[in-house]
Amino acid sequence: GSDGDRNYLALAYGSRAWVNIFLTPSNELSSYADYDYVSVWLYAVADEGEVKFSFFNNLAYQVTFNANEWYEARISMDVFIAQMEAEKQFLPVNFNNAKSDNHKSLTEIRFGDITAVRSDTESGTEA
């Protein structure tokens with residue numbers, strides 16, 4: 001889809017509560033070593049309030065952001081490369097889990113740009 005701000009991939013709740021997305025970088029992981037972080041734009045369609053999202057299904061890489069707004073999450077390149085080399089699921093989504101404060105009202109998640117970025121530049125390279 002596109003909302004005027006950016007193009008995105010949207011996942012909407014259907015019959016499966018858990019959806020796991022594995023990312024395949026367009027280049028060898030070693031080619032990203034000169035970058036500082038991976039930028040991922042997230043948008044959660046949910047009841048008002050905050051949404052928590054854990055990259056790699058790991059609370060150590062959890063971000064908290066406002067529902068119904070775009071949010072840029074940044075993952076250090078060292079973490080990204082290590083987790084991708086370990087074949088971890090990059091984008092685990094848990095829809096409508098009433099027992100989870102993180103995702104109990106989430107009905108759609110949108111992933112915008114996923115880009116490798118150097119801190120000293122404005123532009124990046126798509127991961």
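Helices (H or I, at least four residues) and strands (E, at least two) are DSSP runs, numbered from the N terminus. Keep that in mind as you click through this predicted model, where local features need pLDDT of at least 70, side-chain atom pairs count only at pLDDT 80 or more, and totals for chains, interfaces and linings use all residues. Residues are numbered from 1 along each chain as its sequence is written, and side-chain values use heavy atoms, with hydrogens and water left out.

**Stop 1: Glu 87**

Select Glu 87. It sits in the loop between helix H1 (77–85) and strand S7 (91–94). Check its backbone: phi is positive, about 60°, although Glu 87 is not a glycine. Is Glu 87 buried or exposed? Glu 87 is exposed, with a relative accessible area of 68%. The cut-offs, for a 1.4 Å probe and protein chains only, are: buried under 20% relative accessible area, exposed over 50%, partly exposed in between.

**Stop 2: Asn 68**

Now select Asn 68. You are in the loop between strand S5 (62–66) and strand S6 (71–76). Asn 68 is not a glycine, yet it has a positive phi of about 65°. Its relative accessibility is 26%, so Asn 68 counts as partly exposed.

**Stop 3: the salt bridges**

How many salt bridges does the structure hold? It holds three. A salt bridge here is a side-chain nitrogen of Lys or Arg within 4 Å of a carboxyl oxygen of Asp or Glu.

Select Arg 6 and Asp 113 together. Their side chains meet in a salt bridge, at 3.8 Å from N to O. Arg 6 lies in the segment before strand S1 (9–12), and Asp 113 lies in strand S8 (residues 108–117), so the pair ties together parts that are 107 residues apart in sequence. Arg 6 is buried, with a relative accessible area of 16%. Asp 113 counts as partly exposed, at 38% relative accessibility.

Next, select Glu 72 and Arg 74. Their side chains form a salt bridge of 3.4 Å, N to O. Glu 72 counts as partly exposed, at 23% relative accessibility. Arg 74 counts as exposed, at 52%.

Last, select Glu 108 and Arg 110. What joins Glu 108 with Arg 110? A salt bridge does, with the closest N and O atoms 2.6 Å apart. Hide the surface to see this pair: Glu 108 and Arg 110 are both buried.
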